[in-house]
Amino acid sequence: MADFIGAVDQGTTSSRFIVFDHDGLPVASHQLEHDQVLPRAGWVEHNPLEIWDRVRTVMGSALTTAGLAMSDLAAIGVTNQRETAVVWDRRTGRPFHNAIVWQDTRTDSIAKALDADGRGDVIRHKAGLPPATYFSAGKVQWMLENVSGLREAAEEGDALFGTPDTWVVWNLTGGPDGGVHATDATNASRTMLMDLTTLDWDDELLGFFGIPRQMLPTISPSSHGSAYGETTGARGSSTVPITGVLGDQQAATVGQVCFEVGEAKNTYGTGNFLLLNTGEELVRSRNGLLTTVAYQLGDARPVYALEGSIAVTGSAVQWLRDQLGIISGASEVEVLAASVEDTGGVYFVPAFSGLFAPYWRSDARGAVVGLSRFNTNAHLARATLEAICYQSRDVVDAMAADSGVALTCLKVDGGITANRLCMQLQADILGVPVSKPVVAETTALGAAYAAGLATGFWSGTDELRSKWSEDERWEPRWSDAQRRDGYAGWQKAVQRTLDWVDVE
């Protein structure tokens, strides 16, 4: 058997390829950013061809750097930004339009119309999701209504839809020359088109959006020995089976080995995503969370989760760098924020794409409040880190209300966990310890685990659990009064962001 598993991690701002060994440790990695296309306020797009080019490049570079070949990989897993919508021509592989990113808000009127006439309640019951700009079905509807020739191509079966996992798998397995058009249950559960109980596309939901069924990929388990085909073996290289596909946050749940009911993790990336394993039981949220598929391993029953999705966390730090220019690199935010003892009364609510869980207010927009002449860019930097943590507190409180289980420790992963000040603030604001694993980038690891389980590279979830180990832990330092007053100020600041945009 080959000695390694590869993982494609196609994210919101970059694509990377990581090679893992039997111990679940990375031995090679390469990452490249792609452009964020911003045609107008509230619109966020990616070029699918650029993404595919980046994926090919990082796969080759990671292997070359480590002195490995494709034949050294037992399997490949794929993980991805989940709700981003790609529509392309099956005959040519050319996209009909740029990918519409999960952060995009152009489908606001579509989401509002669904709630206005009662269809939203059907979507909540069947798909476990509220009608929102976040999810991909509305994006596909928008393209069908606004891209010339797309409706006709879709009706004729020549237009394919997929989230980025589907786009990557289709291209890896041949593209126009026999590419596999498939997704897994975790990604399908983020579309507003899949019934959570049947794990199949639902005709009533498809009708709500006017989406022809023939556009949609086959839904397969997250870990499967043959569902996703093999790489094409370009330029004489060996073919490798693609045996694992998971949406990024579900992949991180697997990477954090949250296999037991009640275990939770929080991933800090472009946004924050907190998932709580609810087992084989569908728990319907009463507090603004999502019901979603956590994973499905082979022929086993699906495992479900409650999720709190936060749109803007790490991307708020990027905003400080790219739009305001107060830092030149993301790592500088910690030093700048640590130069002051507190925020000086400033709160920053980064509702650039509205507010996601638990508010689901697309009419909200970002706000910085509490400013005085005293405040500096350091206070804004610290307020940015606190905003990441306060938004996570909103979700943790909603999760406790839904599940009846109080959090005792938060497992964390993702890029921002390298920011020790931010993790300390997270412990302070939550009032519970925060624990970071040795392998912090667990999204790619979870995709590798799914692929490896399907091929016998790892024997089962017990073996994976034995490989998890803690790298660092932060204990709360704030007093109860400081925590209470800080959160009250945050809730007050959130109210200032609402009703800013008039929704038709």
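Visitor: Which residue follows α6, and is its phi positive or negative?

Guide: G174 follows α6, and its phi is positive, near 130°. Before going further, note that this is a predicted model: local features need pLDDT of at least 70, side-chain atom pairs count only at pLDDT 80 or more, and totals for chains, interfaces and linings use all residues. Residues are numbered from 1 along each chain as its sequence is written, and side-chain values use heavy atoms, with hydrogens and water left out.

Now the helix itself. α6 covers residues 164–172. Helices here are DSSP runs of H or I with at least four residues, strands are runs of E with at least two, and both are numbered from the N terminus. α6 is mostly covered, with 9 of its 9 residues buried. Buried means under 20% relative accessible area, exposed over 50%, and partly exposed in between, using a 1.4 Å probe and protein chains only. The buried set runs P164, D165, T166, W167, V168, V169, W170, N171 and L172.

Next, α1. This helix spans residues 48–66 and has 19 residues. From first C-alpha to last it reaches 27 Å, close to the 27 Å expected at 1.5 Å a residue. The expected span is 1.5 Å times one less than the number of residues. Its buried residues include W52, V55, V58, M59 and L63. N47 caps the N-terminal end of α1, placing a side-chain oxygen 2.9 Å from the backbone nitrogen of L49. After α1 comes G67, with a positive phi near 70°.

Last, a strand residue. T267 sits in strand β14, residues 264–268. T267 is buried, at a relative accessible area of 5%. Its side chain makes two kinds of link worth checking on screen. Another, at 2.6 Å, joins the side chains of T267 and D413. A polar contact is a pair of N or O atoms within 3.5 Å; within protein, one must be able to donate a hydrogen and the other to accept it, and residues adjacent in sequence count only if both atoms are side-chain atoms. Leaving aside neighbours within four places in sequence, T267 is in contact (heavy atoms within 4.5 Å) with residues including A252, N272, F273 and T443.
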